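Colleague: Could you show me how to read a model like this one, feature by feature?

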Amino acid sequence: MERTSMSALLRLVTRLVGLVVLLAVVLVVVTAVRIVIAGNEDERRASDAIVVLGAAQYNGEPQEYLTARLDHSAEIFAEGMAPQVLTTGGNQPGDQFTEAEAGATYLQERGV
């Protein structure tokens with residue numbers, strides 16, 4: 001009889017562990033779906049200015065991350081979402097240009 005109660009207890013624990021694992025998987029899937037949905041929503045509104053945060057630049061040339069930000073700001077500007085674009089960012093010792101200067105030049109060359 002003791003063996004039967006141990007077997008029943010083992011089944012109960014196995015089911016509880018399975019339920020906890022299932023709930024964890026469901027939670028991860030639901031969270032991932034909500035992130036994807038939120039990431040695809042367009043919440044842009046007209047604004048006074050578009051601010052582009054600085055990122056790496058080398059010798060006045062914006063690098064990959066800054067270029068992506070600048071290109072996106074140019075698209076938004078062209079759509080009339082804001083009348084001006086502000087670039088930000090500093091420089092490292094020895095740099096001839098700041099991230100803000102490199103970004104502003106990049107945008108001006110593209111008509112922004």
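**Reading the fold**

Modeller: Let's start with a backbone angle: just after helix 2, Gly80 has a positive phi of about 80 degrees. Helices here are DSSP runs of H or I with at least four residues, strands are runs of E with at least two, and both are numbered from the N terminus. Bear in mind that this is a predicted model, where local features need pLDDT of at least 70 and side-chain atom pairs pLDDT 80 or more, while totals for chains, interfaces and linings use all residues. Residues are numbered from 1 along each chain as its sequence is written, and side-chain values use heavy atoms, with hydrogens and water left out.

Colleague: Which residue with a positive phi follows helix 3?

Modeller: That's Gly111, with a phi near 85 degrees.

Colleague: What pattern does the protein follow along the sequence?

Modeller: It reads α-β-β-β-α-β-α, with three helices and four strands in the protein.

Colleague: What radius of gyration does the protein have, against that of a compact globule of 112 residues?

Modeller: The rule is 2.2 Å times the number of residues to the power 0.38, and the radius is taken over C-alpha atoms. A compact globule of 112 residues would come out near 13 Å, but this protein has 27 Å. Along its principal axes, the C-alpha trace spans about 85 × 35 × 20 Å.

Colleague: How much of the protein is buried?

Modeller: Buried residues make up 20% of the 112. The cut-offs on relative accessible area are under 20% for buried and over 50% for exposed, with partly exposed in between (1.4 Å probe, protein chains only).

Colleague: What should helix 2 span, at 1.5 Å a residue?

Modeller: You multiply 1.5 Å by one less than the number of residues. For the 15 residues of helix 2 (residues 64-78) that gives 21 Å, and the end C-alpha atoms are 21 Å apart, so the two agree.

Colleague: Which residues of helix 2 are buried?

Modeller: Leu66, Thr67, Leu70, Ser73, Ala74 and Ile76. Their cover includes strand 1 (50-52), strand 3 (61-62), strand 4 (85-87) and helix 3 (99-109). Take Leu66, at 1% relative accessibility: leaving out residues up to four places away in sequence, Leu66 touches Val52, Leu53, Gly54, Ala55, Ala56 and Glu99. A contact means heavy atoms within 4.5 Å.

Colleague: Why do the buried residues of helix 3 line one face?

Modeller: An α-helix has 3.6 residues a turn, so residues three or four places apart point the same way. In helix 3 the buried ones are Glu99, Ala100, Ala102, Gly103, Tyr106 and Leu107. Seen down the axis, they fall within an arc of 165 degrees, so they line one face; the arc is that of the directions from the axis to the C-beta atoms. They pack against strand 2 (57-58), strand 3, helix 2 and strand 4, whereas Gln108 and Glu109, on the other side, are exposed.

Colleague: What lies over the face of Tyr106?

Modeller: Arg110, at 3.5 Å from the ring centre. The test asks for NZ of Lys or CZ of Arg within 6 Å of the ring centre and within 35 degrees of the ring normal.

Colleague: How far apart are Leu66 and Tyr106 in sequence and in space?

Modeller: They are 40 residues apart in sequence, and 10.0 Å apart in space, C-alpha to C-alpha. For the protein's contacts with a separation of 6 or more, 60% join residues 24 or more positions apart.
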